[in-house]
Amino acid sequence: MWLTDVLALELSLGLAVLVREILSGFWPHSLTWSDYALLGLILAAFPLGYLFWALYPGYGIHPVERMRRTFLITVLLFALMAVVFAILPATRALVGLVLIAGMLAVLLVPLLNALARELLIRASCWGYPVVILGAGLIGSMVARALQQERYLGMVPVAFLDDDPNKQHRLIEGVPVIGGLDRAEQVSELGVKEAFVAISSIGRAELKKLVHRLPFLHVTVVPDLGEPTIDWFAVRSLGRIHGVAVRKNLLLPRNRAMKWWMDRLLGWPLFVFSLPLIWLLALWIRLVSPGSPYFTQTREGFAGRPINILKLRTMYPDAEERLERYLSENPEAKAEWENSFKLKRDPRILPGVGYFLRKTSLDELPQLYNVVRGEMSLVGPRPFPGYHLEHFSPEFRELRHSVLPGITGFWQVLARSDSDLKLQEELDTYYIRNWSPWLDVYLLFRTVMAVLGSKGAY
């Protein structure tokens with residue numbers, strides 16, 4: 001990862017030099033190769049800052065937090081270098097080049113870092129082994145979460161559980177190798193971190209267990225009755241601790257910040273996407289007569305109806321086609337009732353319809369809803385009424401408290417593969433854990449999901 005960051009920083013400098021050469025007619029300068037070499041050497045030392053912020057190797061750090069740390073330390077180092085160069089007369093001419101390189105580096109460093117980490121994950125070279133104590137419901141949730149969040153780098157290799165009925169079984173593909181008395185043996189094999197996920201254990205017994213475990217890091221996972229427990233945070237109250245529940249996207253300050261992000265990003269995206277939208281609309285007209293656009297009424301902020309704009313991917317008589325198909329195919333009807341999605345949907349236009357749904361480009365016209373203030377770039381998707389009727393009143397009320405989004409947490413992580421329960425969990429997680437970094441991360445993941453067409457149909 002260190003080499004990748006050095007490569008990204010040097011690439012930023014190279015592109016900055018190219019930009020400056022292009023602008024040389026308007027921006028004369030007299031820089032020499034020794035000036036460029038000086039900048040290159042300084043940038044090669046920047047990863048020491050990332051090392052200081054524990055980004056190497058960075059196991060256990062959530063990608064959103066990694067992005068935040070990388071951005072802040074990159075901006076800080078480039079700003080410091082620009083100030084120092086501006087003070088010294090001999091290096092004053094380099095300030096402009098440093099600022100251009102800095103703007104490129106805040107994009108290239110996290111991007112190349114993420115690509116390198118993805119390659120390491122695919123090569124099974126990323127992560128370290130962890131053991132889970134407790135093979136019950138909470139333990140299986142921990143294993144599943146760590147397997148889904150591969151970027152954390154925590155690889156569950158074994159369960160320990162005193163229940164003989166659970167031993168020598170596979171839980172989420174991970175073996176239960178024995179009782180808690182094997183912790184010492186597991187530690188000697190190089191496992192340095194353990195997760196205690198035992199709901200039936202008493203407080204005094206838990207305290208003794210944590211103290212006698214030989215692992216360097218021990219994390220106790222409480223049974224809080226919620227699969228998405230990340231929105232709980234431990235809060236120190238002096239000698240005791242409490243569990244705080246965050247509702248980040250409901251705070252007025254965060255709402256204002258998100259409003260500005262939607263305006264600053266939404267307008268440029270809307271303007272630059274217009275040529276692509278018009279080309280796709282022409283393709284639809286060539287396949288199926290009629291308007292290439294259609295609107296649907298969905299629930300917006302506070303439950304108010306909004307008309308969302310989309311590119312048409314279905315035949316004009318789509319509903320009649322769907323009703324006829326479900327009545328003739330019981331298996332398809334069961335699939336539809338589980339998630340309101342069909343892998344083989346008879347309503348979709350051949351060619352252009354499947355392409356638009358695979359890439360989700362049919363949602364592009366909703367940038368118009370964003371600039372009108374009816375939607376956000378990121379948020380819970382505005383589901384149709386028949387879809388919302390299957391959610392609990394409490395969850396629908398929570399959804400009404402925020403703007404719906406073009407892309408969302410469940411769409412990025414699971415897309416059409418998710419069921420109603422997972423959709424509710426992920427949207428709840430997003431609303432309670434919102435941050436600007438989470439939106440940037442989800443926009444980046446949306447681009448990756450669209451390019452990969454994973455889970456879309």
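This is a predicted model: local features need pLDDT of at least 70, side-chain atom pairs count only at pLDDT 80 or more; totals for chains, interfaces and linings use all residues.
Pro129 stands opposite Val155 in S2, and Val130 has Pro156 of S2 as its bridge partner.

In S2, which takes in residues 154–160, five of the seven residues are buried. In S1, five of the six residues are buried.

S2 is joined to strand S4 (residues 174–178) by two bridges, and the two strands run parallel. Here Leu160 finds its bridge partner in Gly178 of S4. S1, for its part, pairs with strand S5 (residues 193–196), again in the parallel sense, over four bridges. In that pairing Ile132 stands opposite Phe195 of S5. Taken as a whole, the sheet is open and is formed by six strands in the order S3-S4-S2-S1-S5-S6, with mixed pairing. Strand S3 (170–171) and strand S6 (217–220) stand at the edges; each has a single partner strand, so one side of each has no neighbour in the sheet.

The protein chain has 18 helices and twelve strands, and its C-alpha trace spans about 75 × 70 × 45 Å along the principal axes. Of its 457 residues, 46% count as buried. Among contacts with a separation of 6 or more, 69% are between residues 24 or more positions apart. The accessible surface comes to about 24,300 Å², and carbon and sulfur atoms account for 63% of that area. As for charge, the chain carries 48 positive and 42 negative charges, whose mean positions are 4 Å apart.

Apart from neighbours within four places in sequence, Leu97 is in contact with Leu13, Ala16, Val17, Arg20, Trp27, Leu31, Tyr36 and Leu39. Phe52, by contrast, is 45 residues from Leu97 along the chain, and the C-alpha atoms of the two are separated by 26 Å.

Helix H12 (residues 352–359) also has buried positions, namely Val352, Gly353, Leu356, Arg357 and Thr359. Just after H12 comes Ser360, with a positive phi of about 65°.

That value leads on to the backbone geometry of the loops. Most residues other than glycine have a negative phi, and most peptide bonds are trans. The peptide bond from Tyr56 to Pro57 is cis, with omega near -10°. Pro57 is found in the loop between helix H3 (47–52) and helix H4 (63–87).

Glu172 brings the account back to the sheet, as its place is in the loop between S3 and S4. Although Glu172 is not a glycine, its phi is positive, at about 55°. With a relative accessibility of 33%, Glu172 counts as partly exposed, because that class lies between the 20% and 50% limits.

Ala302 can be described in much the same terms. Its phi is near 60°, a positive value in a residue other than glycine. The loop that holds Ala302 is the one between strand S9 (293–299) and strand S10 (305–311). At 46% relative accessibility, Ala302 counts as partly exposed.

Note on methods
Residues are numbered from 1 along each chain as its sequence is written. Side-chain values use heavy atoms; hydrogens and water are left out. Buried means under 20% relative accessible area, exposed over 50%, partly exposed in between (1.4 Å probe, protein chains only). Contact means heavy atoms within 4.5 Å. Accessible areas come from the Shrake-Rupley method with a 1.4 Å probe; for residues, only the protein chains shown count as cover. Lys and Arg count as positive and Asp and Glu as negative; His and the chain ends are not counted. The place of a charge is taken as NZ of Lys, CZ of Arg, CG of Asp or CD of Glu. Two strands pair if DSSP finds at least two bridges between them.
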